[in-house]
Amino acid sequence: MTDDSRFILDPATADLHGDNERLREAGPLVPVTAEGVRAWAATDYATLMAVLTHPDMSRELHHWADRHTLPPGTAIDRIVTDTSMLNAEGERHRRLRMPLTAAFSQRRLNGLRPRIEELTARLIDRLASLPADAPVDLRLEFAYPLPREVISELIGIPAAHQDDLHRLSDAIAQVGGLEDSPALRRELRELLDRIIEERRGTPGEDLITDLFELHEKDGGRLSEDELFATIELLFIAGHVTTVNLITNAIRVLLSEPDQLELLRSGRCPYSAAVEETLRWDSPIAYFPMRYAVRDVEIDGVRLRGGEPVLACFASAGRDPGQYERAEVFDITRPQVTHLAFGHGPHFCLGAPLARLEGEIALKALFTAFPAMKPVALPEELPPLDTLLGNSVRTMPVILGP
Ligand code: HEM
């Protein structure tokens, strides 16, 4: 990679989709600098798919030649320094991912539906008790707490520890500002250690119990570090992404009354709005990273062994080479496919859960508040200040009578 004509990805950009259009115009694989890291960016659908599935592209960090250049405390640093399944391949990846597949299966999730509906109804009741004519931030009061409560229950976090855990995982996932990541991780680990220790005596119907048994009893198939990394990954991967999905769907539906009417009248299912939001406004903007195991050619671009590639999920969703009228939000598209949950062996484990939560949340919200109005135009809302996430910091509405 040469250094001269490098695009700089700006985490605070107010025009992510405009930036992505310029990236795609520059090519399918474009040299970029992101948070001080030099990488290739896979910008269109076909190229991103090729990178996600190429046998010579690996998530294992030891393949990254310039890993020492990664600035600590950045969003990329938070993702790539863990020992989780996200950065594992082959047998080790299977060993880490397999124990979780049953917990996230469609069958298990169908059983979870009534509980998610109940948690949603409780949040809707709380919203309904607020003044109907004053602005309410739906990101904070609705999109944020729902996935947090669901993932806490699924993992088995006791109520007494939930607030502390959420504060820490939010800081690590950088919902707030930049803080000292190693110190936060230490604090999070101490808290999880305490929770796991408490569970040792009182096993439950939850993931902590399942994982702990694998660590403790099943021939130590999961090391202590791996157990910790798995729980941390679920907490962080399973929360902010779903908050972004629900927030982005609310934002676009409130600005597209015709589309909203298709949902309210029952002519289109809410699941279609979830899928189109995932395509059109992917909850993840850019995601680190895959590394070329050896010299490899993708779409006519030669990558040298050890070079990293960043996945541009939001850009692939608007690729005009893949979608007709790619920039138009249209929930009537037949069978829309997208890469918002990735593809291949690392395909998002929580995709069925995120889809279920999104569908339940949107249906309940738009049914309960038929006169809801946005307070600002979509483009006036402040974007998240992070490379990874694509959403807005607040989603103020008037709920109405
Ligand atoms: C992996 C997106 C929700 C858990 C991924 C990947 C993407 C993604 C793109 C693949 C990354 C890659 O291959 O580089 C999303 C989006 C979500 C969401 C957009 C919400 C709308 C969830 C939820 C959970 C979850 C709710 C769990 C509760 C995971 C895990 C992985 C993963 C564990 C790693 C899988 C592996 O490496 O094998 N997610 N995710 N995600 N996601 Fe999600």
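**Helices, sheets and ligand shell of the predicted model**

Gly156, which directly follows helix H7, adopts a positive phi of about 100°. The structure described here is a predicted model, in which local features require pLDDT of at least 70 and side-chain atom pairs count only at pLDDT 80 or more, whereas totals for chains, interfaces and linings use all residues. Residues are numbered from 1 along each chain as its sequence is written. Helices (H or I, at least four residues) and strands (E, at least two) are DSSP runs, numbered from the N terminus.

A residue is termed buried if 20 or more other C-beta atoms lie within 10 Å of its own, exposed if 12 or fewer, and partly exposed in between, with C-beta atoms placed from the backbone. The buried positions of H7 are Leu146, Pro147, Arg148, Val150, Ile151, Ser152, Leu154 and Ile155.

Positive phi values also occur at residues other than glycine. Glu35 has a phi near 50° and is located in the loop that links strand S2 (29–34) to strand S3 (37–42). Glu35 counts as buried because 20 C-beta neighbours lie inside 10 Å. Arg325, likewise not a glycine, has a positive phi of about 45°; its position is in the loop between helix H15 (313–316) and helix H16 (351–368). Arg325 is exposed, with 9 other C-beta atoms within 10 Å.

Strands of a sheet pair through backbone hydrogen bonds, either parallel or antiparallel. In the present analysis, two strands pair if DSSP finds at least two bridges between them. An open sheet of 6 strands has the order S1-S2-S3-S9-S6-S4, with mixed pairing. Its edges are strand S1 (7–9) and strand S4 (57–58), each of which pairs on one side only. S1 and S2 run parallel and are joined by 3 bridges; Ile8 has Thr33 of S2 as its bridge partner. Helix H2 (residues 45–53) packs on this sheet and touches S2, S3, S4, strand S6 (287–292) and strand S9 (308–311), its direction making about 125° with that of S9. Contact between two residues requires C-beta atoms, placed from the backbone, within 7 Å. Axes are lines fitted to C-alpha atoms, for helices over the stretch in contact, and angles run from 0 to 180 degrees between N-to-C directions.

Pro308 is buried, with 26 C-beta neighbours inside 10 Å. Residues up to four places away in sequence being excluded, Pro308 touches Ala39, Trp64, Met289, Arg290 and Tyr291.

A further open sheet comprises 3 strands in the order S5-S11-S10, with antiparallel pairing. Strand S5 (135–137) and strand S10 (373–374) stand at the edges, each with a single partner strand, so one side of each lacks a neighbour in the sheet. S5 and strand S11 (residues 396–398) are connected by 3 bridges and run antiparallel, with Pro135 opposite Ile398 in S11.

Helix H12 (residues 240–255) and helix H14 (residues 270–280) pack at an angle of about 100°, their axes being 9 Å apart. H12 is therefore roughly perpendicular to H14; angles of 65 to 115 degrees fall in this class, whereas those under 35 count as roughly parallel, those over 145 as roughly antiparallel and the rest as oblique. Leu245, Asn248, Ala249, Val252 and Leu253 of H12 make the contact with Ala273, Val274, Thr277 and Leu278 of H14. These contact residues comprise 7 nonpolar, 2 polar and no charged. Ala, Val, Leu, Ile, Met, Phe, Trp, Tyr, Cys and Pro count as nonpolar, Asp, Glu, Lys and Arg as charged, and the others, Gly among them, as polar.

Around the ligand lie 26 residues, of which Gly238, Thr241, Gly342, Cys348 and Gly350 come nearest. A residue is near a molecule or strand if its C-beta atom, placed from the backbone, lies within 6 Å of it. Helix H11 (224–237), H12 and H16 each supply at least two residues of this shell. The shell divides into 19 nonpolar, 6 polar and 1 charged residues.
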